[in-house]
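Good morning, colleagues. Please bring the structure up on your screens, and I shall take you through it part by part.

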Amino acid sequence: MRYRRPGLDIASHALLILALIAFCLPVWLAITAATHDQASLYTGTAPLWFGSEGLDNFRAVLTEPVGRLGTDVTRLLLNSTVMALGIALGKIAIAILAAYAIVFFRFPLRRLCFWLIFITLMLPVEVRIMPTYRVAADLGLLNSYVGLILPLIASATATFLFRQFYLTVPPELLEAARVDGAGPWRFLRDILLPLSTTNIAALFVIMFLYGWNQYLWPLLITTESDHMTIVVSLKRLLSSADNLVPWQTVMATALLAMLPPVAVIVLMQRYFVKGLVDAEK
Amino acid sequence: MATLRLSALRKTYPNGFTALHGADLEIADGELIVVVGPSGCGKSTLLRMLAGLESISDGELVIDDRRVNELEPAQRDVAMVFQNYALYPHMSVADNMGYALKNRRVPKAERRRKVEETARLIGLEDLLDRRPKQLSGGQRQRVAMGRAIVREPRVFLFDEPLSNLDAKLRVQMRLEIRRLQKRLGVTAVYVTHDQVEAMTLADRLVVMNGGRIEQVGTPMHLYERPASRFVAGFIGSPAMNVLDARLEGDSLTLPCGTRLASPVPSPGEAKTVCLGIRPEHLSVVPEGDAIDGDLSVRVELVEPLGADTLVHARLEGQDDPVVARVDGIRAVAEGDSLALRPDAGRLHLFDPETGQRLDPLEPECQHSTFPA
């Protein structure tokens, strides 16, 4: 049901435009600030237009070690990408297999297994961070990609989502596949995975963002700049107690930190829109 | 191309429910067996046990002299057509049909050739690149058939494959299934609850009720000599009229006083029996010509079907109306009183308690060997 009233149209557009400005202004300020030099940022007014530096600030953070971080942003982006990809892909792979076992196989204590997985939803990283840190430290995983990824790699949410999806797959499909000579692996590979592409794409976006935005765990487990992630580094850039915050550098780094998540969303959106259009019925 | 032997096949679920109480059946090579019965009678369970989708609790299933109880569905070399077709939604028609061959590692070129050959056979050659959702119900049904045919299995299993189609298409596909099955000469087991489908398709019919096989035989045999009241009511449409009667010596007495000659003489004392008369074996007798043994009834409802007219009439002393199938042009109006004459040679007597037929069946249809 849509209402057709000019007054309502104007009001709702005004509201939308306001909201849009509220969302976009900080981004715009970040973009313009990243093109200024430090002096012009400390004049007391926020610049609303591009400055003199152009893309030099970006070039600088990408190629030279940044301030007190001791490494360039390229390295940080790489670390973050490895971690986010590892977490997203790992979570998806584990969730798919776990849900597959729970839905399609009959084994003793199946229900218990499901509930145990489900209960871990109540234990986010923050709750178990001390013991997890201890385990990671004992295993020698500090300052390593494995250490960044492994503790975050299992996901009850994703398992639950895949379970719900698998439950909607008609049982005849499995039976037809069995009659057609497909074993469990083949059924998973040839039938179940192609049918879950939409779910996988959606989860990948969510889990990539989750991994990318991790702060507390990378902060704990990385002490060397070689393995530091960009989100943690951003915060460290801001906390320069003794001298002025290099806002142009911070803004350039922040904008660069935004790019991979944006790229993932834009790329994957196509997949799940396609998935939705292609879906049966 | 196979023979099947089912000996005392039982299915008991872990919760204690027995879906199948020991089924015995022998199926000859190339035979089309239709299993028919009301919903919940165990016919689908039986089929799924043949396919290997349900485990066999007890008894033995033999395909071509080899016990297959423990084999996986694929190893039994059977193909199944499902009620909802169960096509793989993300695969093209060609991939759907070729999937079993792919799993058997048939080389690509040969797979392609076989799929195309089968597609030609069932008229799908123009649709090979389509996805299932781009097909109509009838076309999907064809793909499901093609998927079964392309594998050249030893046994076809059909689980109510036509129940999702509209009436016209169902008749057409029914004929096509029959034609294909005979042409390919593959043994087939076909489950349905539609008795017309069952009658027209079957070489032999298996009527099931409550997890038991009630009777096995050719469709005409089951029609002419139903072994029990259940089979009598299930085969034939409209259903057989069943009247209460008393059997004494060689005469039957109905509660309304009408006396008929009994097809089964009973030497002993008088007993209550159920008398079965099919609607098509009752003919309307002009008033005045009625003789002893005709049923005088009052017409309650007339259903003209074109070729025939169904007359529902009330017979004194019976709870249910008697249905007669009479000539379409005969003018019968509701409220008329008329006489119905049973065809004396086509009366069926059943025991009211056990429901079993009173006269012994001929030996060949008591058990389930196929007349050679």
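Predicted model: local features only at pLDDT ≥ 70, side-chain atom pairs only at ≥ 80, totals over all residues.

In strand β8 of chain B, B:V189 is the bridge partner of B:I33.

How many of the six residues of β8(B) are buried? Six of the six, residues 187-192, are buried, so the strand is largely enclosed by the rest of the structure. B:T187, B:V189 and B:V191 point one way, while B:A188, B:Y190 and B:T192 point the other way.

Chain B has another sheet to show you. This open sheet has four strands, ordered β2-β1-β4-β5, and its pairing is antiparallel. Its edge strands are β2 (18-27) and β5 (66-67), and each has a single partner strand, so one side of each is left without a neighbour in the sheet. β1 (residues 4-12) and β4 (residues 58-63) of chain B are paired antiparallel over five bridges, and B:R5 stands opposite B:V62 in β4(B). Helix α1 (residues 43-51) of chain B lies across β1, β2 and β4, at about 65 degrees to β2(B).

The largest nonpolar core contains 134 residues, and B:V34, B:V35, B:L157 and B:V206 have the most contacts inside it. Which helix gives the most to this core? It is helix α4 (residues 73-104) of chain A, with eleven residues. Domain 1 (4-234) and domain 2 (241-356) of chain B both contribute residues, so the core lies between them. As for B:L157, its contacts beyond four places in sequence are B:L47, B:L50, B:A51, B:V78, B:A79, B:M80 and B:V189. A second, separate core has 20 residues, among them A:A34, A:V61, A:I230 and A:A254.

The two domains of chain B deserve a word of their own. Their C-alpha centres lie 39 Å apart. Six residues of domain 1 are in contact with seven residues of domain 2. On the domain 1 side, the touching residues are four nonpolar, one polar and one charged.

Finally, consider helix α3 (residues 93-103) of chain B. Eight of its eleven residues are buried, so the helix is largely enclosed by the rest of the structure. The buried ones include B:V93, B:M97, B:Y99 and B:L101. Helices α4 (108-121) and α5 (137-149) of chain B are included in what covers the buried residues of α3(B). After α3(B) comes B:R105, with a positive phi near 60 degrees. Thank you for your attention.

Note on methods. Residues numbered from 1 in each chain as written. Chains lettered and ligands numbered in written order. Domains from an automatic or database assignment. Contact = placed C-beta atoms within 7 Å. Nonpolar A, V, L, I, M, F, W, Y, C, P; charged D, E, K, R; others polar. Buried ≥ 20, exposed ≤ 12 C-beta atoms within 10 Å, placed from the backbone. Helix = DSSP H or I, 4+ residues; strand = E, 2+ residues; numbered from the N terminus. Pairing = 2+ DSSP bridges. Axes fitted to C-alpha atoms, helices over the stretch in contact; angles between N-to-C directions. Core = buried A, V, L, I, M, F, W, Y, C linked by C-beta atoms within 7 Å.
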